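Visitor: I would like to learn how to read a model like this one. Please take me through it feature by feature.

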Amino acid sequence: PKSTPTTKAAKGGRGKTGGKKSTSKSVKAGLQFPVGRIGRLLKKGRYAARVGAGAPVYVASVLEYLTAEILELAGNAARDNKKRRVLPRHVQLAVRNDEELNKLLGKVTIAQGGVLPNIHSVLLPAKKSVESKPSKK
């Protein structure tokens, strides 16, 4: 009768030994966005002949920062409107009320976003000036 090996290390030395769990590039960089996927897309997109190891980390960190910034402002807009869910309208209000984000996304149309509430001052009813008490002669 043949005896079969019971441990993984006895299988001819194939595979990883020691049972060490692999850590993703995102975990190493301390990011939530997928560094490996962004690296793959940078290579596949043929943006350059070669892509350095730090490029996808940098791109992922920038994307994560912009996303967090927009989501925080949109969450504040949702809370101001007494809503618990962030809607495209809240994203629109957040982006258009922030000077830098509005400049970055100036030519972007957000679907179902609407427009900022704005009434031109000429169209508003004229304020009646309070007449001072007539002077006695």
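Visitor: What covers the buried residues of α2?

Guide: The cover includes α1 and α3 (55-80). Helices here are DSSP runs of H or I with at least four residues, numbered from the N terminus. Buried means under 20% relative accessible area, exposed over 50% and partly exposed in between (1.4 Å probe, protein chains only); contact means heavy atoms within 4.5 Å. This is a predicted model, in which local features need pLDDT of at least 70 and side-chain atom pairs pLDDT 80 or more, while totals for chains, interfaces and linings use all residues. Residues are numbered from 1 along each chain as its sequence is written, and side-chain values use heavy atoms, without hydrogens or water.

Visitor: Which residues of α2 are buried?

Guide: In α2, the buried ones are Val35, Ile38, Gly39 and Leu42. They fall within an arc of 100 degrees seen down the axis of α2, so they line one face; the arc is taken from the directions from the helix axis to the C-beta atoms. Turned away from that buried side are the exposed Arg37 and Lys44.

Visitor: Which residues make up the largest nonpolar core?

Guide: Leu31, Val35, Ile38, Leu42 and Ala60, five residues in all. Helix α2 (residues 35-44) gives the largest share, three residues. Such a core joins buried Ala, Val, Leu, Ile, Met, Phe, Trp, Tyr and Cys residues through side-chain atoms within 4.5 Å. Beyond four places in sequence, Leu31 is in contact with Ser26, Val57, Ala60, Ser61 and Glu64. Ser26, in helix α1 (residues 25-29), is buried at a relative accessible area of 10%.

Visitor: How do α3 and α4 cross?

Guide: Two packed helices are described by the angle and the distance between their axes. The axes of α3 and α4 (residues 88-97) come within 8 Å and cross at roughly 115 degrees, which makes the pair roughly perpendicular, a label for 65 to 115 degrees. Axes are lines fitted to C-alpha atoms over the stretch in contact, with angles from 0 to 180 degrees between N-to-C directions. Where they meet, α3 brings Ile70, Leu73, Ala74, Ala77 and Ala78, and α4 brings His90, Val91, Leu93, Ala94 and Val95.

Visitor: What about the loop between α3 and α4?

Guide: Lys82 has its place there. Though not a glycine, Lys82 has a positive phi of about 60 degrees, and Lys82 is exposed, with a relative accessible area of 75%.

Note on methods. Helices (H or I, at least four residues) and strands (E, at least two) are DSSP runs, numbered from the N terminus. Angles under 35 degrees count as roughly parallel, over 145 as roughly antiparallel, 65 to 115 as roughly perpendicular and the rest as oblique.
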